[in-house]
Amino acid sequence: MSFLEIENAVKQFGGLRAVDDVSFSLERGEIVGLLGPNGSGKTTLINLISGALPATSGDIRLNGMQLTGLRRDRIARAGVARTFQLVRILPSLSLMENVMITAVFGRNTHWGDDAKRVAMDALDMVGLSARATAAAGDLTYIDQKRLELARALAAEPEILLLDEWLAGLNPTELSEGVALIRKLHQGGLTILMVEHIIDAVRALCPRVVVMNSGQLIADEATDAALSDPKVISAYLGGDVDA
Amino acid sequence: MIRTVLPLIALALLAFVPFLVSDYGLGLLIGAATYVTLASAWALFSGQTHYISLATVAFYGTGAYTVAVLNEALPYGAVLLCAALIGGAMALIVGLSTLRLRGVYFVIFSFGLAELVRQLITWYEVNVTGTLGRYIFLEITSRQIYWQMLALGAATIALTAWVNRSRLGMALRVIGDDETVAAHSGINLARVKIIAFVLSAVILTLAGAITSPRYVYVEPSIVFNPTISFLTVIMALLGGANRLWGPALGAVPLFLVFEWLSSNFPDSYPILLGLLFIGVVFLFPSGLIAQAETLFRGRKEAKE
Amino acid sequence: MLTTTLILGLVLGGTYALLALGLTLQYGIARIMNLAYGELTLVSAFVVVALFQNLGISPLLMLPAVALCGYGVGWLLYQVMMRPLVKRSGSSGRLEVDSILATFGLLFLIQGILLVVFGANFTSISYLDQGVNILGVSVALNRLIAFAICVAAGAALVLALKKTKWGLVMRAVALAPGSAPLVGIDVNRIARQGFALGSALAATAGASISMYQTFSATDGVVFTMKALVIVIMGGVGNVPGALAAGFGLGLLETFVATAIDPGLTLAATFAIFLLVLLWRPQGLFGARS
């Protein structure tokens with residue numbers, strides 16, 4: 001039994017199969033890239049795992065526990081933490097409060113000084129601890145992304161889902177971001193990351209899964225996938241079966 | 001420490017005021033205490049979550065009507081308990097069915113809820129019991145009403161202070177900012193919203209029950225007057241609905257202004273009311289307390 | 001019996017549909033949830049009655065002027081009251097709440113003015129109230145005229161939105177206010193037009209209501225509520241949906257009033273409203289998001 005198991009996951013929107021019978025699994029401590037051209041169903045798959053959308057059919061299990069059919073908050077408490085493609089922070093709360101919420105309502109339900117400590121550690125990890133009392137609404141874009149990651153970390157998750165967390169960063173910030181994700185992985189965290197920046201994927205993920213038009217078209221070592229004709233033609237818009 | 005002691009001293013002083021004032025003064029005190037309670041209870045749910053409820057009078061009127069129906073059948077304490085239970089049950093039903101709705105749909109539903117409850121009660125009274133109005137004869141003095149309302153108001157503010165520092169309060173603040181983030185952080189949206197909504201509704205219902213003996217004669221069009229919902233919202237907004245003392249701060253001056261307006265300009269009262277409301281929305285969008293803080297901070301920064 | 005209910009229901013539904021068209025435009029295009037909508041309707045109804053009683057001008061002849069005045073008032077309201085709120089809220093979700101609160105204030109303001117000017121009594125006029133026989137059911141001519149106005153206005157609006165360039169722009173703003181500027185659409189101008197057009201329809205509905213219905217200065221809330229219920233049932237911004245839902249509500253109310261109890265019509269309206277909200281919040285005819 002694998003740590004995260006996705007079996008025959010389907011998400012149907014009217015006549016469109018956004019996720020079409022996708023199956024793959026992650027082992028504990030693994031870091032895997034989720035690739036695919038725009039509109040191929042990556043974010044929808046992340047939404048299915050985190051419960052933002054109910055799956056039409058199929059099973060998703062974490063550590064043997066069935067996630068499909070559970071509410072978002074139950075899935076969060078089961079140890080699934082995520083970031084959002086369009087960054088979502090809580091503008092009227094302080095950085096500390098932004099991060100503390102997952103410590104308080106997440107898996108380990110910390111409270112008081114205990115929750116503050118967890119939140120502070122998470123802020124420290126992303127380099128924002130010096131500004132813990134500032135209002136989140138005043139942050140720059142990159143700092144908002146950092147804050148969102150800190151919030152996911154304060155949940156002390158079993159698995160972290162990153163939805164294009166590295167997108168929109170400049171080269172310096174990008175290398176900092178890559179180093180940060182590597183550090184999290186080395187700390188034992190299981191990570192599934194949607195990412196378009198191939199250099200970052202190459203640097204971080206030994207293995208990738210690739211989607212196109214809702215279907216899984218590759219699940220292999222990163223180097224092999226990036227030279228796989230099916231993957232290349234998917235990205236270039238050619239016929240998948242060619 | 002001082003944050004607990006000062007309000008307690010103020011409460012003790014306020015409890016003595018009825019011995020010093022005329023009947024008219026006592027009436028004003030009761031009115032002010034009632035609106036402080038209503039605005040604070042409204043803000044307990046709507047202030048943090050930004051779910052604007054226009055249903056205050058649905059609960060307030062239900063409380064008053066419960067007393068009107070039961071005052072001869074049960075002892076006073078039991079009547080209050082019944083009112084609280086009915087208000088709570090109503091809020092639970094409304095909450096379970098509507099709190100899943102997004103902002104504007106919730107507002108619209110709450111907007112019509114008071115009217116619906118009024119129509120149902122009117123229909124029931126006319127068709128089933130055959131009476132429309134009811135009299136309340138209770139041996140309760142105005143002073144006793146004032147003390148009860150003062151206690152309820154103090155309890156509401158104390159409860160809000162406690163909620164603000166609890167996990168519930170934190171969850172409400174997060175919901176007010178972003179429900180999606182709240183859910184993905186492990187917050188059970190429905191449960192949090194319903195708990196706060198029911199707490200708020202029970203207090204609103206009790207407030208209606210406690211003031212009802214002052215009406216003496218109760219009928220649906222009197223106790224389900226939508227102006228009450230309207231005043232409650234504007235008062236909480238003026239002071240700052242997400243602050244502990246905001247609703248109280250907004251309620252006292254506005255109540256006095258409304259009293260003065262309604263006795264001096266009875267004809268144009270609704271016009272002035274509407275203008276005041278629009279003024280508050282335009283001039284104090286985040287409430288007096290928050291705006292005073294910003295101003296103060298701005299001055300301080302300018303000096304530095 | 002059934003034919004009577006059906007015909008009377010459809011005629012009533014016509015007025016409701018007309019009432020809801022304006023609100024669905026205001027909310028769908030301008031994103032303003034106008035709680036004072038019913039008051040605008042009432043103002044028009046009162047003015048029409050006053051002009052008819054004092055100067056003897058026929059309500060039917062007044063219709064074009066009423067619609068034009070409604071447009072002007074809506075234009076002004078948007079410019080003076082709503083535009084600052086739109087500006088203030090930027091892209092955050094505050095406009096919805098702010099507009100609800102501001103128009104809630106406006107509701108009391110207009111109601112107060114109506115009470116001062118026209119008093120709290122019920123008003124009605126007798127105008128073209130001779131019965132006309134339709135399939136054996138006698139329907140007052142004024143109700144039929146109101147019905148015809150609704151059908152004409154509704155059909156014109158549906159055609160304009162579907163077939164003209166102006167309609168395309170309107171629909172673009174309703175669907176994606178965020179991306180409309182990217183293709184060179186002045187969202188502010190379109191929102192103002194949508195709001196003004198909504199007010200024009202509110203005024204037209206008021207004029208047609210004044211021909212046959214008894215009303216008082218405090219009835220605005222009821223009109224707003226019914227229009228809101230229809231808008232949500234039809235799907236926000238969905239003009240054919242609002243028409244269909246308006247007729248549906250008219251039928252439902254007539255049925256409840258004749259078959260069950262006239263005192264329960266509003267309760268029935270609400271029950272339907274709640275069911276729709278819970279079952280399909282995007283409206284009976286809206287696309288699934």
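Colleague: Which are the buried residues of α3(A)?

Modeller: They are A:Leu95, A:Met96, A:Glu97, A:Asn98, A:Val99, A:Met100, A:Ile101, A:Thr102, A:Ala103, A:Val104 and A:Phe105. A residue is called buried if 20 or more other C-beta atoms lie within 10 Å of its own, exposed if 12 or fewer, and partly exposed in between, with C-beta atoms placed from the backbone. Helix α3 (residues 95-105) of chain A is mostly covered, with 11 of its 11 residues buried. Before going on, note that this is a predicted model: local features need pLDDT of at least 70, side-chain atom pairs count only at pLDDT 80 or more, and totals for chains, interfaces and linings use all residues. Residues are numbered from 1 along each chain as its sequence is written, while chains are lettered from A and ligands numbered from 1 in the order in which they are written.

Colleague: What covers the buried residues of α3(A)?

Modeller: The cover includes β6 (80-82), α4 (113-126) and α5 (141-154) of chain A, together with α7 of chain B. Helices (H or I, at least four residues) and strands (E, at least two) are DSSP runs, numbered from the N terminus.

Colleague: How many helices and strands does chain A have?

Modeller: Chain A has 9 helices and 10 strands. Its radius of gyration is 18 Å, close to the 18 Å that the globule rule gives for 242 residues, so chain A is as compact as a globular protein of that length. The radius is taken over C-alpha atoms, and the rule is 2.2 Å times the number of residues to the power 0.38. Buried residues make up 47% of the 242 residues in chain A.

Colleague: In what order do the 6 strands of the open sheet in chain A stand?

Modeller: Strands of a sheet pair through backbone hydrogen bonds, either parallel or antiparallel. Here the order is β6-β7-β8-β3-β9-β10 in chain A, and the pairing is mixed. Two strands pair if DSSP finds at least two bridges between them. β6 and β10 (215-221) of chain A stand at the edges, each with a single partner strand, so one side of each is left without a neighbour in the sheet. β6(A) pairs with β7 (residues 159-163) of chain A in the parallel sense over 3 bridges. In β7(A), A:Leu161 is the bridge partner of A:Arg82.

Colleague: At what angle do the axes of α7 and α9 of chain B cross?

Modeller: The axes of α7 (residues 167-177) and α9 (residues 189-211) of chain B come within 10 Å and cross at roughly 110°. Axes are lines fitted to C-alpha atoms, for helices over the stretch in contact, and angles run from 0 to 180 degrees between N-to-C directions. α7(B) and α9(B) are therefore roughly perpendicular to each other; that label covers 65 to 115 degrees, with under 35 roughly parallel, over 145 roughly antiparallel and the rest oblique.

Colleague: Which residues of α7(B) meet α9(B)?

Modeller: B:Leu168, B:Ala171, B:Leu172 and B:Ile175 in α7(B) meet a group in α9(B) that includes B:Leu189 and B:Lys193. Contact means that C-beta atoms, placed from the backbone, lie within 7 Å.

Colleague: Is C:Leu10 partly exposed or buried?

Modeller: C:Leu10 is partly exposed, with 16 other C-beta atoms within 10 Å. C:Leu10 is found in helix α1 (residues 2-30) of chain C. Not counting residues up to four places away in sequence, C:Leu10 touches C:Phe247, C:Gly250 and C:Leu251.

Technical notes: Contact = placed C-beta atoms within 7 Å.
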